[in-house]
Amino acid sequence: MRTDRRKVVLIGTGMVGMSYAYSMLNQNVCDELVLIDIDRKRAEGEAMDLNHGLAFSGSHMKIYAGEYGDCRDADIVAICAGVAQKEGESRLELLKRNTEVFRAIIGPVTESGFNGLFLIATNPVDVMTRIAWRLSGFGAGRVLGTGTALDTARLRYLLGEAFRVDPRNVHAYVMGEHGDSEFVPWSQAMIATRSIPDMIEHRESPVQMEDLNRISEEVKNAAYRIIEAKRATYYGIGMAMTRITRAIFGDENSVLTVSAMLRGEYGQQDVFVGVPCIINQNGVQRVLELKLSDEEIQALDRSCGILRESCQGLF
């Protein structure tokens, strides 16, 4: 990957896509940002709006509405495009329609000569990441989804509030499907280097296990509460995408809970799911396998089973 000119192509200029674009602009994450949307006029308007803010940012980004041919020399193609679920439509029917959307996107992207990384945010993100991998023919490490990166950020924020510490000093993860079957492996949760379960056991914690269970449920239901209040979520996931993008461009080897393929880790095969991974300029460098308890392994197995079932009948 080049380091002299960082280029991102964003496909889908809805609220999630533009939250990502706005976040990247403010954090000066890339040098060139191309916006592609089925509504070309909208993409042009969004590019114009972002460009008008360049004078107030520390960025010198080149931002414009483009075509699939612009993917040829991109480092990252981020996909936020997709269709919404219709009333009475089953999950499988929705997935089939979104598969066709991805087929219409990924074909032209790969035909352009694109040789970078795919970053997927379209929901259900674990299944859509797998679909992108199948359609692209890319190596699994070069196709990653946002997974449980945002869920993990929500968890750390809530734990920081509960323990009255900076969330950046909270080391805990949400794993599994980005959805109802996700879970927190509390056996691996720490404040700095202190195990949270150990702190509870020795009565050195301001919270108890029932509080952790409440926090876990709050993380799982956060999106529902936000949607109920404002009809959609987009700022948090846009910033999560930006964090992943920074890890890629910075070749950071950072640990992030992205949707990645498991190939034997945790006893799982051939499934994309949210797990801690080492992320660098090559995408998923490797899955960082945690030492989970038997109960947590079972929770991951249940989550992977749900994702496999969701993929049935799509190809």
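Helices (H or I, at least four residues) and strands (E, at least two) are DSSP runs, numbered from the N terminus, and the expected span of a helix is 1.5 Å times one less than its number of residues. The model is predicted: local features need pLDDT of at least 70, side-chain atom pairs count only at pLDDT 80 or more, and totals for chains, interfaces and linings use all residues. Residues are numbered from 1 along each chain as its sequence is written, and side-chain values use heavy atoms, with hydrogens and water left out.

**Exercise 1. Determine the span of helix α4 and the burial of its residues.**

Step 1. Helix α4 covers residues 125-136, which is 12 residues. From the first C-alpha to the last, α4 reaches 16 Å, close to the 16 Å expected at 1.5 Å a residue.

Step 2. Buried means under 20% relative accessible area, exposed over 50%, and partly exposed in between (1.4 Å probe, protein chains only). By this criterion 10 of the 12 residues of α4 are buried.

Step 3. Just after α4, Gly137 takes a positive phi of about 75°.

**Exercise 2. Describe how strand β2 is paired and connected.**

Step 1. Two strands pair if DSSP finds at least two bridges between them. Strand β1 (residues 7-11) pairs with β2 in the parallel sense over five bridges; in this pairing, Leu10 has Leu35 of β2 as its bridge partner.

Step 2. Strand β3 (residues 62-65) is joined to β2 by four bridges, and the two run parallel. Here Leu33 stands opposite Ile63.

Step 3. A crossover is right-handed if, with the strands pointing away from the viewer, the path from the first strand over the helix to the second runs clockwise. A right-handed β-α-β unit is made by β1, helix α1 (residues 15-27) and β2, and another right-handed unit by β2, helix α2 (residues 40-51) and β3.

Step 4. Strand β2 (residues 32-36) has five of its five residues buried. Glu32, Val34 and Ile36 point one way, while Leu33 and Leu35 point the other way.

**Exercise 3. Classify the ring pairs of Phe114 and Tyr234, and locate the charges over rings.**

Step 1. Rings of Phe, Tyr and Trp (its six-membered ring) pair if their centres lie within 6.5 Å; planes under 30 degrees apart count as stacked, over 60 as edge-to-face and the rest as tilted. The structure holds five aromatic pairs.

Step 2. The ring centres of Phe114 and Phe138 are 5.9 Å apart and the planes lie at 25°, so this pair is stacked. The pair links distant parts of the chain, 24 residues apart: Phe114 is in the loop between α3 (91-111) and β5 (117-120), and Phe138 in the loop between α4 and β6 (143-145).

Step 3. Tyr234 and Tyr235 form an edge-to-face pair, with 4.8 Å centre to centre and 75° between the planes. Tyr234 is buried at a relative accessible area of 14%, whereas Tyr235 is exposed at 54%.

Step 4. A charge sits over a ring if NZ of Lys or CZ of Arg is within 6 Å of the ring centre and within 35 degrees of the ring normal. The charged end of Arg142 sits over the ring of Phe138, 3.9 Å from its centre, and Lys230 lies over the face of Tyr234, at 3.9 Å from the ring centre.
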